[in-house]
Amino acid sequence: PDALLPSHITAAVSGYASQRIPNDDELDLLALAMRFSSAWSAAWMFTRVGTEGWATRLEQKLTRAQATHEIVEPTARLAHAAFQKFRTLSS
């Protein structure tokens, strides 16, 4: 998640769109769903602090989760646009 790679997003959307294209309501929730995923992952990591204590490895994972969370919005916009293109092509 350190860099936003439009070609990777387009490739993922292409694979998904070959099976199913999300409807408008689903596309509108894409960023929210992606944010939830990264936030849930970070919350789960914090629960491990209680049992395992703080560790450098955990800090690295949380830094990665934060980076992922920060690129959700531009990633969702690119995916939304790519899905719209696939929708147009399949019409």
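What percentage of the 91 residues in the chain is buried? Buried residues make up 22% of them. Buried here means under 20% relative accessible area, exposed means over 50%, and partly exposed lies in between, with a 1.4 Å probe and protein chains only.

This is a predicted model, in which local features need pLDDT of at least 70, side-chain atom pairs count only at pLDDT 80 or more, and totals for chains, interfaces and linings use all residues. Residues are numbered from 1 along each chain as its sequence is written, and side-chain values use heavy atoms, leaving out hydrogens and water.

Start with the overall fold. The chain has 5 helices and 0 strands. Its pattern along the sequence reads α-α-α-α-α. The radius of gyration is 16 Å, well over the 12 Å that the globule rule gives for 91 residues, so the chain is more spread out than a compact globule. That radius is taken over C-alpha atoms, and the globule rule is 2.2 Å times the number of residues to the power 0.38. Helices (H or I, at least four residues) and strands (E, at least two) are DSSP runs, numbered from the N terminus. Along the principal axes, the C-alpha atoms fill a box of roughly 55 × 25 × 20 Å.

Next come the contacts. A contact means heavy atoms within 4.5 Å. Take the contacts between residues at least 6 apart in sequence: 80% of these join residues at least 24 apart.

The structure holds 1 aromatic pair. The ring centres of Y16 and F83 are 5.8 Å apart and their planes stand at 85°, so the pair is edge-to-face. Y16 sits in helix 1 (residues 6-17) and F83 in helix 5 (residues 72-90), so the pair links distant parts of the chain, 67 residues apart. Rings of Phe, Tyr and Trp (its six-membered ring) pair if their centres lie within 6.5 Å; planes under 30 degrees apart count as stacked, over 60 as edge-to-face and the rest as tilted. F83, at 6%, counts as buried.

Now turn to R48. This residue lies in helix 3 (residues 30-52). R48 has 17% relative accessibility, so it counts as buried. Leaving aside neighbours within four places in sequence, R48 is in contact with G53 and K61.
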